[in-house]
Amino acid sequence: MEEKIKFPPAKRTGRKVLVPCRLSYAHLDKPHVSQKSTDATPKYEVTCVIPKTDKETLAVVKAAYDEAVAFGKERINAKWKPSPKSEFLKDGDELEDPRNFAGCMYFAARSPRPVPVLNRLKDEIKPEEAYSGCYAYVSADLFPYSKGQDGVSAGLNAVLKLGDGERLGGGGDPKNDFEGIDFGVDDKLDDL
C-alpha cells in the first residue's frame with residue numbers, strides 16, 4: 001500500500017520557486033546532455049511535472065516567470081522579450097506521446113554542479129533515490145537568457161524527495177520480463 005504523500009504548497013521569493021511536483025527525466029546522480037538543449041555541456045537536471053488542476057502551483061511558477069521577464073528587460077535590454085519558441089512552461093497534452101505528461105504542465109531545471117538531494121527529514125540521500133516517477137519539492141531559480149534567442153530557463157538548486165511513485169521510462173523486474181518463455185534448455189548452464 002502506497003503511503004499518502006503530503007504536498008507542501010508552492011512558494012516563491014522573486015524568481016526563486018519551491019515547487020511540489022512529480023519528477024521526470026531525473027538526472028541527479030551524474031550530469032546529462034539534454035537532447036533538446038542547444039548547450040552540449042552535461043548538466044544535472046529534472047523535469048518538474050505539475051497537474052493542470054494544481055492551479056496554485058502553476059500560478060506561483062507563472063509569477064516567477066513574469067518576474068524573470070521583467071528582470072530580463074531590466075538587465076539585458078528594455079526590448080528583451082522571450083521568443084515564442086523558447087516557451088518555459090510547456091503543455092504535456094501537446095507532446096507527440098503525452099503518456100506521462102497528460103493533463104499536466106512541465107518545465108526543466110538544470111545545474112552545472114551536483115545539487116543536494118534530501119528526504120523529508122532534510123537529511124541528504126543518494127541522488128539516485130530521487131528518480132523519474134517519484135514526488136518531490138524542487139527549488140529552482142528562473143532567469144532570463146539571450147543566446148541565439150531570448151527566453152527564460154530554470155537553475156536547479158536542490159531536490160527534496162516527498163515520496164515514491166511508479167517509475168517512469170521503463171525498467172521493471174527483468175525476471176518477470178522473461179517469465180513463461182521456454183528456451184528449450186534444461187536448468188543447467190553447462191551448454192553455454
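**Whole chain.** Start with the cartoon view: two helices and eight strands make up the chain. The model is predicted. Trace the chain along its sequence and the pattern reads β-β-β-α-β-β-β-β-β-α. Colour by burial next: 38% of the 192 residues count as buried. Among contacts with a separation of 6 or more, 68% join residues 24 or more positions apart.

**Helix α1.** Select residues 55-75, which form α1. Now show side chains on the buried positions of α1: Thr-57, Leu-58, Val-60, Val-61, Ala-64, Ala-68, Val-69 and Gly-72. What covers them? The cover includes β1 (11-13), β2, β3, β5, β7 and β8.

**The largest core.** Stay with the side chains. The largest nonpolar core has 36 residues. Pick out Leu-23, Phe-107 and Val-138, the residues with the most contacts inside this core. The elements that give two or more residues to the core are β2 (16-32), β3 (43-51), α1 (55-75), β5 (104-111), β7 and β8.

**Strand β8 and its partners.** Select residues 149-163, strand β8. This strand is mostly covered, with 13 of its 15 residues buried. On one pairing, β7 (135-147) runs antiparallel to β8 over 13 bridges. Find Phe-143 and look across to Ser-153, which stands opposite in β8. Then go to the turn. β7 and β8 form a hairpin with one residue between them, and Gly-148 in that turn has a positive phi of about 80°.

Another pairing involves β6 (117-118), which meets β8 in the parallel sense over two bridges. Here Leu-118 stands opposite Leu-160.

**The β6-β7 loop.** Move to Ile-125, placed in the loop between β6 and β7. Buried or exposed? Ile-125 is buried, because its relative accessible area is 15%, under the 20% cut-off. Excluding neighbours within four places in sequence, Ile-125 contacts Val-117, Leu-118, Asn-119 and Lys-161. Draw the C-alpha distance from Ile-125 to Lys-161: 9.0 Å, for residues 36 apart along the chain.

Lys-122 sits in the loop between β6 and β7 as well. Lys-122 is exposed, with a relative accessible area of 61%. Check its backbone: phi is positive, about 70°, although Lys-122 is not a glycine. Most residues other than glycine have a negative phi.

**Tyr-25.** Jump to strand β2, where Tyr-25 lies. Tyr-25 is another residue with a positive phi, about 45°, although it is not a glycine.

**The α1-β4 loop.** Select Ser-83, in the loop between α1 and β4 (90-91). Ser-83 counts as buried, because its relative accessibility is 19%. Beyond residues up to four places away in sequence, Ser-83 touches Gln-149 and Asp-150.

**Cysteines.** Finish with the sulfurs. How many disulfides are there? The count comes to zero. Cys-134 is in no disulfide either, with the nearest cysteine sulfur, that of Cys-21, 8.4 Å away. Cys-48 is buried at 0% relative accessibility. Cys-134 is buried, also with a relative accessible area of 0%.

Key. Residues numbered from 1 in each chain as written. Heavy atoms only, no water. Buried < 20%, exposed > 50% of the residue type's maximum accessible area, 1.4 Å probe, protein only. Helix = DSSP H or I, 4+ residues; strand = E, 2+ residues; numbered from the N terminus. Pairing = 2+ DSSP bridges. Contact = heavy atoms within 4.5 Å. Disulfide = S-S within 2.5 Å. Core = buried A, V, L, I, M, F, W, Y, C linked by side-chain atoms within 4.5 Å.
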